[in-house]
Number of protein chains: 2
Amino acid sequence: MDLQNLSYARRFDHVSGSAIREIFKVIAQPGMISFAGGNPSPAALPDQKVSELAQAVLAENGKAILQYGATEGYPPFVESLRAYVRDHLGLDVPTVLPVTGSTQAMDLLCKALINPGDRIIVENPSFLGNLQCMKLYEAELVPVNSDDEGLDPDHLEALIREVRPKMIYTIPTFQNPTGRTLSLERRKRVAQLANQYGVVVAEDDPYRDLRYRGESLPPIKSFDENGWVVFMGSFSKTISPGLRVGFMAGDSGILRKCTVGKQSSDVHTANLNQAIVDQYLRRNLLPDHIRTISSDYAKQCDRMLKQLASFPEGVKYTRPEGGLFIWAELPGHVSALDLLQKAIERKVAFVPGTHFYTDGGHLNTLRLNFSGSTLEQIDQGMDILRELVVQA
Amino acid sequence: MDLQNLSYARRFDHVSGSAIREIFKVIAQPGMISFAGGNPSPAALPDQKVSELAQAVLAENGKAILQYGATEGYPPFVESLRAYVRDHLGLDVPTVLPVTGSTQAMDLLCKALINPGDRIIVENPSFLGNLQCMKLYEAELVPVNSDDEGLDPDHLEALIREVRPKMIYTIPTFQNPTGRTLSLERRKRVAQLANQYGVVVAEDDPYRDLRYRGESLPPIKSFDENGWVVFMGSFSKTISPGLRVGFMAGDSGILRKCTVGKQSSDVHTANLNQAIVDQYLRRNLLPDHIRTISSDYAKQCDRMLKQLASFPEGVKYTRPEGGLFIWAELPGHVSALDLLQKAIERKVAFVPGTHFYTDGGHLNTLRLNFSGSTLEQIDQGMDILRELVVQA
């Protein structure tokens, strides 16, 4: 029988693959100035340190590292992660679970909780990769309004009452794609609503340590009374995305289901990768490393904001206090999709904002990443974008 | 609201976590002789070589390795993997996809293909981890009969006509848990049936390189005319399970869906781990390494078979030509669950066979692993088991 007769699972009916990852392939061309990715700067990637730590952990505990590990995590890392979650994040949680990048945290949480048709409230726009994840679990995504202080808790409460969601997915700090941060009052309110109505909050917080100004805010999880909030963390932005190490922190029952789900996802996160991150925590290498990379990222962010200040009137943009992204809104008649075509011809790339909306539209929006480009590249690339916007 | 009110997804209704992984925790006690795992021998784990290779790849290409990678795989590894699949496995396939251990291959294939209620034909007994994976996709598992030449193709054909399965899951070489190998004629027949009826075959072949006697057999995939067979390979048994590197090889359309699924499972398999396995292939280190570890494993296998020969009459067991497992059947009145309790008191462990059956039962069966124990431990542990069987 011809393979054309094969039918795929229904969960793919409305999912065709991440548009961003397709853009990534186009922009891998040499000479491209890319504001498209969410990539750390190459200078921020500690290749020598990782090599040194890999040698150290393999010399000390190589046989255990190369052997099968527990789904619950590499024991020394579980220990140092617990301390990190307690001391650095200020979270008193019953359980932590190392995962294969925080993308896996989202996948496991959906696996544990979501039946087809279940509703998940999401910021709109939001992180495309996790929107796709939720769609593959056949969740119905319900967008909540946002403003400069993050998602609107009054609208959130109205939606909770109206659609009885299973979960709320939020990126509270330096949100992807907008760069916005949920205010302290709203963090308390989200936790309170979750506890009042019995809705799980997936708190996705990978950017929180990349703060260039302003005060650090406690996680939503820190205001969680009954365990409805699951915190999802990552070392992708602070150490290396290529290592694929993230974690979940929260209630033991929820994390137990996630652990059972993980048994048949990948058995366990690679021990070597967990052991390397463990050394970062144990040797307390993170604070200095984050200080160094944040100082560079702050300059890149400021340079891009400075460039945007001279864009034509009618161009609006966010002024993030950290993270990797600035969000821009062009005058209503300008399509970021068209702009991207012209920009790519001039060797500049970004991601059109429409991809981040659950329902498309918003063609005049775009996401700009500053962390992957040098100051010179930012000047050059933004000059070209300004020119193209003026002409549009 | 109290978290007790939280309900989990339906896919967990009949899944409570891998019994084997629970046993693993019990037997982690010091002094335990374990025939329970599927672990490589510590001596087989190349910690120094992996350390050397990690240094080499990080020195040469560290920035790319620590950066985000393509879901499709780390390009040098995709290249060497292609050559390995072609030259070593003799497979002419359109696409290969590196995955996070071959457990993820099974997960992605189910994600791509399985709707709740779809039927999957499985060997019975079969590998518990993947049975759990299929159950989490709410597949209906349909057992096919097996004998010493592996699954029975006449029964398979009758079942295909009867239940119209979406997929056939088979471990053709040194099967887990039985150690049995599908004969050449049957391999051809399985491929022919899959192509005739339009059923996907998930060919799970992680043990094939661990052959201690007899002739290597071509994969089912090599007899596949229209692309219905997906080959799932692993470097867990030949290099290291802790690194979590496996692969899929097959049709581009099927692997494209798996790639889209993988985007939201873990984005990509960690680059460092792919780069290390890439060096194994590129430097042609596998043949010598496999020769060394196989020579040890063969001795361990032979020692366990020799021990079994002096077990009481009525004890039957397989005589595998490779792999990691021997399958034993005790006299009908002896329960392997009871035997395990007594054995653990005497510091010996194995896995009761009942766990590997889709429908339980078969209480008098057990799986014995020889690769994780020294010859002395095998003698000691089998002496204790013999004693307990005699008393039972």
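**Close-ups of a predicted two-chain model**

**View 1. The two copies and how they relate.** Turn chain B by 180°, shift it 0.0 Å along the axis, and it lands on chain A with an RMSD of 0.0 Å (least-squares superposition on the C-alpha atoms of residues with pLDDT of at least 70 in both copies). That's the relation of a two-fold axis. This is a predicted model, so local features need pLDDT of at least 70 and side-chain atom pairs count only at pLDDT 80 or more, while totals for chains, interfaces and linings use all residues. Residues are numbered from 1 along each chain as its sequence is written, with chains lettered from A and ligands numbered from 1 in the order in which they are written.

**View 2. Where chain B meets chain A.** Here 72 residues of chain B are in contact with 72 residues of chain A (contact: C-beta atoms, placed from the backbone, within 7 Å). Elements giving two or more residues to chain B's side include helices H4 (102-113), H5 (128-136) and H7 (184-197) of chain B. The largest share, eleven residues, comes from H2(B). By class, chain B's side has 30 nonpolar, 31 polar and eleven charged residues (nonpolar: Ala, Val, Leu, Ile, Met, Phe, Trp, Tyr, Cys and Pro; charged: Asp, Glu, Lys and Arg; polar: the others, Gly among them). The copies meet through the same surface, because 100% of the interface residues of chain B are also interface residues in chain A.

**View 3. Helix H3 of chain A and its two faces.** At 1.5 Å a residue (times one less than the number of residues), the 13 residues of H3(A), 75-87, should span 18 Å, and the end C-alpha atoms agree at 18 Å apart. Helices are DSSP runs (H or I, at least four residues), as are strands (E, at least two), numbered from the N terminus. Phe77(A), Ser80(A), Leu81(A), Tyr84(A) and Val85(A) are buried (20 or more other C-beta atoms within 10 Å of the residue's own; exposed is 12 or fewer, partly exposed in between, with C-beta atoms placed from the backbone). Down the helix axis, the buried residues of H3(A) fall within an arc of 140° (directions from axis to C-beta atoms), so they line one face. They pack against strand E2 (95-99), strand E10 (246-250) and helix H9 (271-282) of chain A. Exposed Ala83(A) and Asp87(A) sit on the face turned away from that buried side.

**View 4. A four-stranded open sheet in chain A.** The strand order is E11-E12-E15-E14, with antiparallel pairing (at least two DSSP bridges between two strands). E11 (316-317) and E14 (351-352) of chain A stand at the edges with a single partner strand each, so one side of each lacks a neighbour in the sheet. Two bridges join E14(A) to E15(A), residues 365-369, and Pro352(A) stands opposite Leu366(A) in E15(A).

Technical notes:
Contact = placed C-beta atoms within 7 Å.
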